Amino acid sequence: MQQNRSENRKIGNAGEAAVAKFLENNGYEILARNYTVKGGEIDIIARKDDHLAFVEVKTRKADAMVSAERAITAKKKRFIIKTAQLYYSRYKKEYGEAICRFDVAAVTMENGSVKHVKYYVSAFDASQA
């Protein structure tokens with residue numbers, strides 16, 4: 001069990017690193033990774049111009065039974081939205097008014113390396129809380 005959890009974390013870290021690099025290559029500044037508060041976590045928080053992107057990263061092996069996209073449940077979305085609201089209220093003075101959105105990155109791993117990143121801008125919104 002511990003080995004499986006460790007392997008999953010390793011795969012998750014590789015996916016998050018690939019998405020952070022993708023965002024940076026597209027002009028985003030990474031503000032936080034694995035931002036955690038009681039009741040929630042956001043994998044990546046990034047800023048570009050007046051946009052704040054709260055990014056959920058799901059990494060799966062190519063032969064996974066459940067796709068990365070399907071792994072983001074309504075409950076998970078609620079936790080992300082709540083966490084984003086707390087983050088934004090805490091740092092609003094620093095960033096000023098921002099357009100906030102919830103993005104999803106689906107990462108496919110094969111033979112221990114990232115093969116594909118599919119990035120969904122505004123994958124869901126706060127009305128889904």
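**Figure 1. Confidence along the predicted model.** In which element of the protein is confidence lowest, and in which is it highest? The structure shown is a predicted model, and its confidence is lowest in helix α1 (residues 2-25), at a mean of 85, whereas it is highest in β2, at 96. Taken over the protein, the mean pLDDT is 90, and 96% of the residues reach 70 or more.

**Figure 2. A network of salt bridges around Glu56.** Side chains of opposite charge can pair when their charged atoms come close. In this view, Glu56, Lys58 and Lys76 are linked in a network of salt bridges. The side chains of Glu56 and Lys58 meet with N and O 3.4 Å apart, while in the salt bridge between Glu56 and Lys76 the closest N and O atoms are 3.9 Å apart. Because Glu56 lies in strand β3 and Lys76 in helix α2 (residues 74-95), this second pair ties together parts of the chain that are 20 residues apart in sequence. Is Glu56 buried or exposed? Glu56 has a relative accessibility of 3%, and therefore counts as buried; Lys58 is buried as well. Lys76, by contrast, has a relative accessibility of 21%, so Lys76 counts as partly exposed, given that buried means under 20%.

**Figure 3. The salt bridge between Asp103 and Arg101.** In this pair the closest N and O atoms are 2.8 Å apart, and both residues, Asp103 and Arg101, are buried. In the structure the count of salt bridges comes to 5, and the bridge between Asp103 and Arg101 is shown here by itself.

Figure 4. The structure holds 6 aromatic pairs. One of them joins Tyr35 and Tyr87, whose rings are edge-to-face, with 4.8 Å from centre to centre and 85° between the planes. Since Tyr35 belongs to strand β1 and Tyr87 to helix α2, the pair ties together parts that are 52 residues apart in sequence. Both of these tyrosines, Tyr35 and Tyr87, are buried. Why does the pair of Phe102 and Phe124 count as stacked? The centres of these two rings are 5.2 Å apart and their planes are at 15°, so the pair is stacked, because planes under 30 degrees apart count that way. Phe102 in strand β4 (residues 99-110) and Phe124 in strand β5 (residues 113-124) are 22 residues apart, and the pair thus links distant parts of the chain. Phe102 and Phe124 are both buried. Together with Phe54 and Tyr91, the residues Tyr35, Tyr87, Phe102 and Phe124 form one aromatic cluster.

**Figure 5. The largest pocket and its lining.** Rolling a probe the size of a water molecule over the atoms shows where empty space is left. About 350 Å³ of space lies in the largest pocket. This pocket is lined by 16 residues, and the closest to its centre are Asn8, Gly12, Lys58, Thr59 and Arg60. The elements that give two or more residues to the lining are α1, β2 and β3, and of these β3 gives the most, with 6 residues. How many residues of the lining are nonpolar, polar and charged? The lining of the largest pocket divides into 3 nonpolar, 3 polar and 10 charged residues. Lys58, one of the residues closest to the centre of the pocket, also takes part in the salt-bridge network with Glu56 and Lys76.

Figure 6. Most residues other than glycine have a negative phi. In this view, Asn34 has a positive phi, near 55°, and Asp49 likewise has a positive phi, near 55°. The place of Asn34 is in strand β1 (residues 29-37), whereas Asp49 is found in the loop between β2 (40-48) and β3 (51-61). With a relative accessibility of 29%, Asn34 counts as partly exposed, while Asp49, at 68%, counts as exposed.

**Figure 7. Asn26 in the loop between α1 and β1.** Asn26 lies in the loop between α1 and β1, and its relative accessible area of 35% makes Asn26 partly exposed. Asn26 and Lys58 are 32 residues apart in sequence, and their C-alpha atoms are 19 Å apart in space.

Key
Residues numbered from 1 in each chain as written. Predicted model: local features only at pLDDT ≥ 70, side-chain atom pairs only at ≥ 80, totals over all residues. Heavy atoms only, no water. Helix = DSSP H or I, 4+ residues; strand = E, 2+ residues; numbered from the N terminus. Buried < 20%, exposed > 50% of the residue type's maximum accessible area, 1.4 Å probe, protein only. Salt bridge = Lys/Arg side-chain N within 4 Å of Asp/Glu carboxyl O. Phe/Tyr/Trp six-rings, centres within 6.5 Å; stacked < 30°, edge-to-face > 60°. pLDDT = per-residue confidence, 0-100. 1 Å grid on protein atoms, 1.4 Å probe; cavity = no way out; pocket = protein on both sides within 12 Å on 5 of 7 lines; lining within 4 Å. Points joined across faces, edges and corners; volume = space filled by probe spheres on them. Nonpolar A, V, L, I, M, F, W, Y, C, P; charged D, E, K, R; others polar.
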